[in-house]
Amino acid sequence: MKKDVLPRTARAAGARTRLLIWLFALFVIAVSWAAPLQRLREDRNEIVAAAVRENQNRATLLEQYVARTLEAADIATLHIAERYRSGDPALRGTPERPATIRGPVAANHAFLGLSIANADGDIIASTMGPRVAGRNVRNHEAFRAHLGRDTGRLHVSRPAASRTYGQEIIWLTRRLNAGDGAFAGVVAINIEPQQLIGFHAAVSTRPRDVVSVIGLDGVTRARRTGDIFSSGEDLANGLVMRRQRADPDGTYLGPSALDGLVRYFSHRRLDDYPLFATYGVMEQDVLAPVTERRRYVIAGSILVTLVTLTFVFGLLSLLRRTEERATQLASANQRLSEAQRIGQIGDWAFSLADGKLSWSPQLYETYRRDPADGPPTMDQFKSWLDEESRAAIDEAIAAAVETGEAQSYALGVLLPDGSESHRLIAALPTRDADGRVVGLHGTDQDVTARRELDRLQVEVSHLSRLAAMNAMAATLAHELNQPLAAASNYIVGSRRLLAAGGPQAAQAAVGMLAAQEQVQFAGEIIRRVRAMVSNEPKSMSPAAMARVIDDAIALGIPARERETLDVVTGIAPDARFMLGDPVQIQQVLLNLIRNAVEAAAAADRPRVALSVSRYDDAHLLVTVEDNGEGLREIGAPLFTAFVSDKITGMGLGLSISRTIIESHGGRIWAESLPEGGARFSFTVPAADLEGE
């Protein structure tokens, strides 16, 4: 009974916990949706209100800018009109020779030009002087606007094309009166339509904002949307004019008359001119922050919902992953310790301040010291070393402190049992907060077995050549027997010819010469054998590939086998000389030739082909092919020591061959031929001998 109480209690507590978690989750989900959506509604109202206020302010700024621009033109025209009425001779030109208007007003860069037309519409004075001679404007709308009653106000014309300026311009004109008040002409200032909305250059605008100055006649004086400027559009029957008549200084939301895009428009009518300024901003641009935020809010609410719904599973998964990481970390530490044990590697640290050494457990084992004694001091450690190793440690420490770079050096250590151990040390400087070298830490690897293996491999290489010579002993005996027997026969025959005397005695010299050649041939065979079994140090020197190949064939293929074996050789003209040890390369060829002869023995017509060609600018390519059954396996195992598919093979030939080729800076590989057989290839340095 007691055994079931605790599980039931735990299950009940778990159920209550799950219920509380779900209730909390539902509460969080509800809040994550309701609160942000309510806030979005409030933000939308605030943003729209702020945008309307900003729009109204910009419309006011535009209205003031237009008013100042027109007031400047109004003052300028009043000044010119006053000078004209006072009889200023500088303004009294003729239609045939208009006067040139000068002065501060004419120099105002805001104006394209300034002109005076008489009552007949002839230009009698202008900032352009005689260039407008004979020009008449009596049919221009800006001139005819002053033919009736004098309003005393500046007239703003509609945009119209100008032949003088080659573009659309607006005429700002004022009536000139004679002394009796009769119509005497007009004074006109020409401006670009863009001048009326130039305020946008000092105000940050959106690409789709609309800035317009429109006449109460419904004709646009100037309009800009982004970088697009226009003027002269007739909007008399559009929504903008209806809203202007209903509320001259109001704001409304509606489509633009030109592009149909919905905008918030704010109007401001000018007090002294039949114009109004309007500024429009896209509803979509105004609500863009809310729209963007709405996407984020919805995404956030969805995310909160998902996170809340998966909270329990996520927590359990987190705990499980934490346990797995702890297990993996422990396993990794165990593998690291095992790897150090297998690789005979330990780590250490050395402090320059107090000279203390710290050892990992693996070092105690490889140095055969008791961990209970603790790590040795540096002086104790040096006492285990030979003189050269002690100097290597001192040089490494000095170099690390001076350069701050990693150091690598080898040590010879005398172990407690009297045996010698060879160590490979890698040391890396450690620094303090100021960047000064305060110590070293690194690894210590026991390479005794590796060095012994290298020594044994050299011995095995030599023994392999000796073993090869033992296998060829019978063949060499046969090879030597043939030239020596021939020499003996030539000598016996020559003696008989000499004993017989007479004319036949002269032929004895020919027989003796032939005997000499046979003896020299036997000596050449002996020279090749001596070179093969020699263990003297080798040197890199130029050598003829033809000689190396001939020697290898002579030693590797007995004469009795050459009768049934087709041996083909080929050397390219640019591949006649190599740079290397000819005896070692001959050993590689001997191994490959013997393998090829054995592989081709089962073929109906055994064939072995040797070729030398240019591999690249610095290397030759040597290949040995046979027409046997091909290779059972291709790759690194072929060249691994003590791996052989022959019953009596030691598995050293190809391994030694690879070592020799790589020591020459080349590489060796094998491949099966599509038509059957195998090809072994290797590269050796090329020797370019001029004049050869």
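Contact here means that heavy atoms lie within 4.5 Å of each other. By that rule, Ile-80 touches Leu-91, Ile-101, Val-105, Leu-114, Ile-116 and Val-187, leaving aside residues up to four places away in sequence. The model is a predicted one. This briefing covers its nonpolar cores, its aromatic rings and its cavities.

**Nonpolar cores**

- In soluble globular proteins, nonpolar side chains tend to be buried together.
- The largest nonpolar core in this structure has 38 residues.
- The members of this core that touch the most other members are Leu-70, Ile-80, Ile-116, Leu-172, Ile-189 and Leu-196.
- At least two residues of this core come from each of α1 (2-85), β2 (113-118), β3 (123-126), β6 (167-177), β7 (183-191), β8 (210-215) and β13 (275-282).
- Helix α1 gives the largest share, 10 residues.
- Another core, of 37 residues, lies apart from this one and includes Leu-589, Leu-592, Leu-620 and Leu-638.

**Aromatic rings**

- The structure contains 10 aromatic pairs.
- One of them is formed by Tyr-615 and Trp-669, with 6.4 Å from centre to centre and 50° between the planes.
- Tyr-615 is in the loop between β22 (607-614) and β23 (619-626), while Trp-669 is in strand β24 (residues 668-672).
- Is Tyr-615 buried, exposed or partly exposed? Its relative accessible area is 37%, so Tyr-615 is partly exposed.
- A single aromatic cluster is made up of Trp-359, Tyr-364, Tyr-367, Phe-381 and Trp-384.

**Charges over rings**

- Arg-667 has its charged end over the ring of Trp-669, 4.0 Å from the ring centre.
- Arg-423 lies over the face of Tyr-367, 4.1 Å from the ring centre. Tyr-367 belongs to the aromatic cluster described above.

**Cavities**

- Rolling a probe the size of a water molecule over the atoms shows where empty space is left.
- There are 3 cavities of 30 Å³ or more.
- The largest cavity has a volume of about 190 Å³.
- Its lining consists of 15 residues, and those nearest its centre are Trp-348, Leu-357, Met-378, Phe-381 and Tyr-409. Phe-381 is also a member of the aromatic cluster.
- The elements that each supply at least two residues of this lining are β14 (345-351), β15 (357-359), α8 (378-383), α9 (387-403), β16 (407-414) and β18 (437-446).

Note on methods:
Residues are numbered from 1 along each chain as its sequence is written. This is a predicted model: local features need pLDDT of at least 70, side-chain atom pairs count only at pLDDT 80 or more; totals for chains, interfaces and linings use all residues. Side-chain values use heavy atoms; hydrogens and water are left out. A nonpolar core is a set of buried Ala, Val, Leu, Ile, Met, Phe, Trp, Tyr and Cys residues joined through side-chain atoms within 4.5 Å. Buried means under 20% relative accessible area, exposed over 50%, partly exposed in between (1.4 Å probe, protein chains only). Helices (H or I, at least four residues) and strands (E, at least two) are DSSP runs, numbered from the N terminus. Rings of Phe, Tyr and Trp (its six-membered ring) pair if their centres lie within 6.5 Å; planes under 30 degrees apart count as stacked, over 60 as edge-to-face and the rest as tilted. A charge sits over a ring if NZ of Lys or CZ of Arg is within 6 Å of the ring centre and within 35 degrees of the ring normal. On a 1 Å grid over the protein atoms alone, a cavity is a set of points where a 1.4 Å probe fits but cannot get out, and a pocket is an open set with protein on both sides within 12 Å along at least five of seven lines; lining residues have an atom within 4 Å of a point. Grid points are joined across faces, edges and corners, and a volume is the space filled by probe spheres set on the points.
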